[in-house]
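Trainee: Could we go through the labels attached to this structure, setting each value against its definition?

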Amino acid sequence: HASHCVLRLAARLTHREGAVESTVRLLGRLPAGFTDAAGDVPGPSAAADGRGGRRGEGGLPVLSPKAAAALGAEMAAMLLAGGGAGLATRGTWLGLVRFAAAVSASADERGARAGSEALSSLCSHSAHACPLHESLPELWPLLLLHARACRTPAHCERAVGLMADVHARLREETAGGGGEAPSEEWRADWLLVLRGFCSLCLDTRLPCRDAPLLALQRAVLAGDPPALPPAVWAEAFEQAVFPLLTELLRQWVAATDAAEQERLMLRGVTLLSKAFLHHLSGLLSLRSFHLLWLRALELLEQFLRAPQSELLAEAVPETLKNMLLVMGASGAFESRARVGDTPQTLAQLTAAVVETMCPQLSGSPDLAGLWHEA
């Protein structure tokens, strides 16, 4: 109780000049106390205090989740009372974000909600401390931790919504750079965001996996980031979309909720199709386009062959047919040039794969024109 009172006093002093960073350093010792409640919150281990209680680093007694949440909410309120002016440095802001993320993982529902609200407020005031793209490598894992701690669909949707808002602000921040091409650091951040959404889509403990899948789809299908070259979109497929579908297929084999997994797999196929066609014109300019296309066809075939899935057996051929029609209309199969080190054109390669994968499509009247010259 004494430590709790000291920390409350510190929280009340944080609005005074020079006290913020000292208080944040003190709060930095607290995540150890949330290990029992949150499970995987990083921090120094806590030790017994000799009286049946537990102490964190430096002998600081561990607070209960409810007490920590109340302190976190008060701390954030004090710092944000002046419009975020107290968040003067990157270190101060990140220290509070770490604290809020740990509190949001509390086993206490009210405490988790308070931590989540504090985290959202802190993210909305990141501009006071530093440009968002500079803090994203440290911020994004904390937001993932926050999302994985969700216990209800509504909480999960709010957590993923916060991540989507951060991604949108990252895009706006980059778009405001005078029309210049995004830096390599920004591209790395953007791919980090996509992989983060993918990891949540694959987390079977999450109460609502639709939310991150929808956020991923919006991120991939949103208006093109400024001057983002086709090679980076290809990298997005290779680092995010393709691995996501591969893991969804792997999860299908041991799925405990077959209906939910099948639905997610269908949405994954839809994501692949929409994303591929959305960026088709740029991807076609790549010399390695045929490799990207063949990998997409390989995944579609694997989903088509998924055991005991009538839904996918019906949906995949229709998805493939639509993709072929759009690609044909865009002129993707008109070139007579050989692709890569093969003796075949793209049309010939595609025709051979489709005939093996889905023979009924090869003779489809709608697609006859695509293979006529192949």
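Trainee: Why is W293 called buried?

Mentor: In this predicted model, W293 has 0% relative accessibility and therefore counts as buried, where buried means under 20% relative accessible area, exposed over 50%, and partly exposed in between, with a 1.4 Å probe and protein chains only. F276, at 0% relative accessibility, counts as buried for that reason too.

Trainee: What makes the pair of F276 and W293 tilted?

Mentor: Rings of Phe, Tyr and Trp (its six-membered ring) pair if their centres lie within 6.5 Å, and planes under 30 degrees apart count as stacked, over 60 as edge-to-face and the rest as tilted. F276 and W293 are 5.5 Å apart centre to centre with 40 degrees between the planes, and the pair is tilted.

Trainee: Why are α10 and α12 called roughly parallel?

Mentor: Helix α10 (residues 210–221) and helix α12 (residues 258–278) pack at about 5 degrees, and angles under 35 degrees count as roughly parallel, over 145 as roughly antiparallel, 65 to 115 as roughly perpendicular and the rest as oblique; α10 and α12 are therefore roughly parallel to each other. Their axes, 10 Å apart, are lines fitted to C-alpha atoms over the stretch in contact, and angles run from 0 to 180 degrees between N-to-C directions. Helices (H or I, at least four residues) are DSSP runs, numbered from the N terminus.

Trainee: What should I keep in mind about numbering and confidence?

Mentor: Residues are numbered from 1 along each chain as its sequence is written. Local features need pLDDT of at least 70, side-chain atom pairs count only at pLDDT 80 or more, while totals for chains, interfaces and linings use all residues, and side-chain values use heavy atoms, leaving out hydrogens and water.

Notes: Helices (H or I, at least four residues) and strands (E, at least two) are DSSP runs, numbered from the N terminus.
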